[in-house]
Amino acid sequence: MKTENISLFDDTSSPLADRMRPVSLNEYVGQEHLLGPGRILRTMIKKDEIPSMILWGPAGCGKTTLARIIAHTASARFVTFSAVDSSIKDIKNVMHEAEEARRSGQRTIVFIDEIHRFNKAQQDAFLPYVEKGSIILIGATTENPSFEVNSALLSRCRVFVLHQLSADSIFLLLKRSLTDERGFGGMHVEIEDALLKEIAEAAGGDARTALNTLKMAVLSAERNDGTYHVTEDIIAQCIKGKAMHYDKKGDGHYDTISALHKSMRNSDVDAALYWLARMLEAGEDPLYIARRIVRFAAEDIGMADYRAMGIAVSAYQACMYLGMPECNVHLSEAVVFCSLAPKSNALYTAYEAAAEDARRTENEPVPMQLRNAPTKLMKQLGYGEDYQYAHDYPGHITPMICMPDSLIGKQYYHPSEEGSEKRIKERKEQIEAWKKEHRK
């Protein structure tokens with residue numbers, strides 16, 4: 001826990017990203033949907049009507065900076081907490097100080113970076129003070145607050161979604177750092193705009209990464225006649241490939257697998273391959289992707305092309321045998337096949353409908369003709385009576401009823417007209433017509 005007075009960041013030994021951190025809304029770049037003229041959060045800040053809030057967005061998009069600007073604008077005490085070293089006792093001590101400050105007319109803004117790392121007890125400790133207005137809580141998180149913040153605390157906070165910074169926004173920050181005294185304003189740095197744009201694009205929306213890359217490049221540059229010459233070769237060495245922002249346990253994980261699934265469902269093979277590559281190149285477990293493709297084969301293709309299940313399972317086995325990077329082509333084969341295959345969700349909807357009836361009729365007895373009768377007593381009680389062994393009948397089919405009485409005539413599986421399921425639909429209709437005729 002740390003209490004700060006908001007001031008300019010003039011420690012030149014600190015990372016460039018910290019030195020160049022904006023201290024006012026006029027310096028802040030990006031998030032125009034929240035901070036543009038007339039937008040909701042900008043209006044709140046200017047009117048000094050700051051609610052408790054959760055700032056949700058990817059790394060390096062400006063969550064911490066925005067919290068500091070809010071505190072500076074509101075002229076409030078600014079207290080930061082860390083999930084690693086903040087105990088319940090620490091929290092209560094600071095909350096007591098905040099309550100005392102409130103009585104003397106001073107507000108306290110409590111900033112919790114990575115609030116998703118706080119456990120339930122730690123989050124609950126803030127709740128009564130947020131309710132009383134003793135503090136203004138600002139939590140920052142890269143994870144979905146719906147899952148990571150206690151519902152009671154979340155209901156008392158406004159959630160503001162911050163977007164990944166565009167390359168153009170990051171380029172502006174880089175340009176500013178070359179002239180601002182907090183950055184390289186006191187030095188003569190020679191670097192082409194094209195190279196700055198390359199840094200901005202490689203940062204993957206993370207301003208911190210871009211600024212620290214620039215600092216590395218400047219420190220690595222040759223100095224002639226007081227000028228630091230940053231070359232294309234230096235930038236290439238500093239970047240070493242574009243940063244890929246992908247959390248294998250967070251929203252990036254679920255959003256990206258959702259994008260793959262929905263691209264395959266929409267038969268967009270190129271988009272599906274892109275999302276597959278995005279996950280694999282970011283280090284996703286290929287077996288996880290393979291399992292999701294196996295699920296897709298049944299849920300979205302089903303009997304429209306029953307080869308899909310075998311191809312998906314084979315891809316999973318290939319991933320087990322080979323691992324990455326060799327199995328990427330096997331996953332690609334499965335993704336392409338599933339994307340181009342005819343689609344049917346008839347199996348999925350059939351099970352959901354059957355499951356609903358199963359839950360509703362869970363105590364309904366199994367029809368006597370379907371019960372086993374391994375003992376004499378069970379036979380005497382009628383178990384297995386009137387059972388018709390299908391293989392003893394022409395066409396291996398009988399008119400015997402297999403549904404509970406309350407569900408006789410109920411249908412769950414409605415085959416589509418897609419692919420091979422059209423033939424299955426015809427077969428199902430033939431069987432149903434035959435049984436209906438012979439039951440008469």
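Good morning. Strand 4, residues 108–113, is largely enclosed by the rest of the structure, because five of its six residues are buried, that is, under 20% relative accessible area with a 1.4 Å probe and protein chains only, where exposed is over 50% and partly exposed lies in between. Strands here are DSSP runs of E with at least two residues, and helices are runs of H or I with at least four, numbered from the N terminus.

The model is predicted, so local features need pLDDT of at least 70 and side-chain atom pairs pLDDT 80 or more, while totals for chains, interfaces and linings use all residues. Residues are numbered from 1 along each chain as its sequence is written, and side-chain values use heavy atoms, without hydrogens and water.

Which strands pair with strand 4? Strand 3 (residues 77–81) does so in the parallel sense over five bridges, pairing requiring at least two DSSP bridges; here F78 stands opposite I109. Strand 5 (residues 136–141) also runs parallel to strand 4, joined by five bridges, and D113 has A140 as its bridge partner. Between strands 4 and 5 the chain passes through helix 6 (residues 120–132) in a right-handed β-α-β crossover, meaning that the path over the helix runs clockwise with the strands pointing away from the viewer.

I turn now to the loop between helix 18 (346–360) and helix 19 (376–380), where T361 is found. Is T361 buried or exposed? T361 counts as buried, because its relative accessibility is 14%. V366 lies in the loop between helix 18 and helix 19 and, at 46% relative accessibility, counts as partly exposed.
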